[in-house]
Amino acid sequence: INPTKIKIEKKGTIKKIGTSKDDIDLDDFETGMGWRGGERKRKRVVGLTTTSIEELAPDEDPVKKALAKTAIKPGFESLERVPRYDVSRRQKKAAAQREREKTKGRKWFDMPATEMTDEIKHDLEIIQMRSVLDPKHFYKKNDIKALPKFFQVGKVVDTPLDYYNGRLTKKERKRTIVDELMADAEFSKYNKRKYKEIVDEKRKHHHKAHRHARKLKGRNKK
């Protein structure tokens, strides 16, 4: 030990004020000689005795294992009757079937059923009648007649690759497909024309039926 690096204080304690490569660390020296091994072993034994059983094995609590199978759950006091402990095989099968009906299945990544609102219902009906919107465009025939139960509603996001003229403005953006069709001028023009054709055809048939009824009425009078 370099004596120039040691400073003696008034209380009699020795304090190092500097270190060098030639200095010897007393802690490492005592540990290497085995003088501090017994103290460390005693500390470890004391640490094991002070730890509780729950810290050593939290999953092996017998009380938790017993309560896991009990019928008393949170909110038990609000039930009208005590639930049955044993469930039959038929009831388990029915419960599993109800759980499977909540999602589309594993092949569809357990897609849940979307809440059916009036707006979504109208949009789905328009999608099913898409062949009427544009008679010049061919669409695939619908697989099912009923409205689908499992579906997802997405949002179209503009890409930065599109130019500004190709994007929709805030005024042109609509919430639903029905609003977009009502705002489309070409669709409104086509819809009015088809409506006029249907009304004229019905009026023509009604006029013919009225003339035929008058003829029959005149014959009956004679």
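Modeller: Gladly; here are the labels one by one, for what is a predicted model.

Colleague: Let's start with the fold. What does the secondary structure come to, and in which pattern?

Modeller: The protein has nine helices and two strands. Along the sequence the pattern reads β-β-α-α-α-α-α-α-α-α-α.

Colleague: How much of the protein counts as buried?

Modeller: Of the 222 residues, 5% count as buried. The label needs a relative accessible area under 20%.

Colleague: Why is Phe109 called exposed?

Modeller: Exposed means over 50% relative accessible area. Phe109 has 76% relative accessibility, so the label exposed applies. Phe109 sits in the loop between α5 (89–101) and α6.

Colleague: What makes the backbone at Phe109 and Asp110 worth a look?

Modeller: Most residues other than glycine have a negative phi. Phe109, although not a glycine, has a positive phi of about 60°. Asp110 is not a glycine either, and its phi is positive at about 55°.

Colleague: Now the charged pairs. How do you know that Arg173 and Asp158 form a salt bridge?

Modeller: The cut-off is 4 Å between a side-chain nitrogen of Lys or Arg and a carboxyl oxygen of Asp or Glu. The closest N and O atoms of Arg173 and Asp158 are 2.5 Å apart, so the pair is a salt bridge. This pair links distant parts of the chain, 15 residues apart, with both partners in the loop between α7 (130–133) and α8. Arg173 counts as partly exposed at 38% relative accessibility, and Asp158 is partly exposed with a relative accessible area of 31%.

Colleague: How many salt bridges are found in the whole structure?

Modeller: The search finds five. Another of them joins Arg193 and Glu197, with the closest N and O atoms 3.4 Å apart. Both lie in helix α9 (residues 185–221), four residues apart, about one turn of the helix.

Colleague: What makes Arg193, Lys194 and Glu197 one network?

Modeller: Lys194 also meets Glu197 in a salt bridge, at 3.7 Å from N to O. Lys194 and Glu197 are three residues apart in helix α9. Salt bridges that share partners join Arg193, Lys194 and Glu197 into one network.

Colleague: Which residues make the nonpolar surface patch?

Modeller: Ile24, Phe29, Met33 and Trp35 make it, with an area of about 460 Å². Ile24 is found in the loop between β2 (14–16) and α1 (26–33).

Colleague: Last, the largest pocket: what lines it?

Modeller: Its lining has 19 residues, with Val153, Gly154, Lys155, Lys174 and Arg175 lying nearest its centre. The volume is about 620 Å³. α6 (118–128) and α8 (177–183) each supply at least two lining residues, and the largest share, five residues, comes from α6.

Colleague: How does that lining divide by class?

Modeller: It has eight nonpolar, three polar and eight charged residues.

Definitions and conventions:
Residues are numbered from 1 along each chain as its sequence is written. This is a predicted model: local features need pLDDT of at least 70, side-chain atom pairs count only at pLDDT 80 or more; totals for chains, interfaces and linings use all residues. Side-chain values use heavy atoms; hydrogens and water are left out. On a 1 Å grid over the protein atoms alone, a cavity is a set of points where a 1.4 Å probe fits but cannot get out, and a pocket is an open set with protein on both sides within 12 Å along at least five of seven lines; lining residues have an atom within 4 Å of a point. Grid points are joined across faces, edges and corners, and a volume is the space filled by probe spheres set on the points. Ala, Val, Leu, Ile, Met, Phe, Trp, Tyr, Cys and Pro count as nonpolar, Asp, Glu, Lys and Arg as charged, and the others, Gly among them, as polar. Patches are made of residues with over 30% relative accessible area and no salt bridge: like charges are joined within 9 Å, nonpolar side chains (Val, Leu, Ile, Met, Phe, Trp, Tyr) within 5 Å. Accessible areas come from the Shrake-Rupley method with a 1.4 Å probe; for residues, only the protein chains shown count as cover. Buried means under 20% relative accessible area, exposed over 50%, partly exposed in between (1.4 Å probe, protein chains only).
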